[in-house]
Amino acid sequence: MVKHPQRVHIHPSSGLAQVLPRWVVYHELVLTTKEYMRQVTELKPDWLVEIAPHYYQMKDVEDPVSKKMLKREQDEHPNNWVDR
């Protein structure tokens, strides 16, 4: 959860176990040698802001590392980007 971070892992049987998405929603936690999430779905952080704006703000869910990398890539290759 964004507001109360907790370290858990995607269960190895999940198709997302190798992908390691930044944001997920899950149905259950299974405790073995680690705490594993099962029935995991990747989600986009702006969905949190859209569905629960009273709880989440974009500043809470933005990834500053990705944002910096995107900005640097746009600066280095300005002709590769299209405004949408």
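## Terms and basis of the model

A residue is called buried when its relative accessible area is under 20%, exposed when that area is over 50%, and partly exposed in between, with a 1.4 Å probe and protein chains only. The model is a predicted one, in which local features need pLDDT of at least 70 and side-chain atom pairs count only at pLDDT 80 or more, while totals for chains, interfaces and linings use all residues. Residues are numbered from 1 along each chain as its sequence is written, and side-chain values use heavy atoms, with hydrogens and water left out.

## Overall architecture

The protein chain contains 3 helices and 3 strands, where helices (H or I, at least four residues) and strands (E, at least two) are DSSP runs numbered from the N terminus. Followed along the sequence, these elements give the pattern β-β-β-α-α-α.

Of the 84 residues in the protein chain, 18% count as buried. The protein chain exposes about 7,200 Å², of which carbon and sulfur atoms supply 53%; accessible areas come from the Shrake-Rupley method with a 1.4 Å probe, and for residues only the protein chains shown count as cover. Among the contacts in the protein chain with a separation of 6 or more, 41% come from residues 24 or more positions apart, a contact being heavy atoms within 4.5 Å.

## Strand pairing

Two strands are said to pair if DSSP finds at least two bridges between them. E2 and E3 run antiparallel and are joined by 7 bridges, and a hairpin connects E2 to E3 through 3 residues. Val-30 has Tyr-36 in E3 as its bridge partner, and Leu-31 has Glu-35 in E3.

Strand E1 (residues 9-10) also pairs with E3, but in the parallel sense and over 2 bridges. The bridge partner of Ile-10 in E3 is Met-37.

## The salt bridge

A search of the whole structure finds 1 salt bridge, a term that requires a side-chain nitrogen of Lys or Arg within 4 Å of a carboxyl oxygen of Asp or Glu. It is formed by the side chains of Arg-38 and Glu-28, at 3.5 Å from N to O. The pair links distant parts of the chain, with Arg-38 in strand E3 (residues 35-42) and Glu-28 in strand E2 (residues 24-31), 10 residues apart.

Arg-38 counts as partly exposed because its relative accessibility is 35%, and Glu-28 is likewise partly exposed, with a relative accessible area of 29%.

Although Lys-44 and Arg-22 are 22 residues apart in sequence, their C-alpha atoms are 8.8 Å apart in space.

## The aromatic pair

The structure holds 1 aromatic pair. Rings of Phe, Tyr and Trp (its six-membered ring) pair if their centres lie within 6.5 Å, and planes under 30 degrees apart count as stacked, over 60 as edge-to-face and the rest as tilted. The ring centres of Tyr-55 and Tyr-56 are 4.9 Å apart and the ring planes stand at 80°, so this pair is edge-to-face.

Tyr-55 is partly exposed, with a relative accessible area of 31%, whereas Tyr-56 is buried, with a relative accessible area of 12%.
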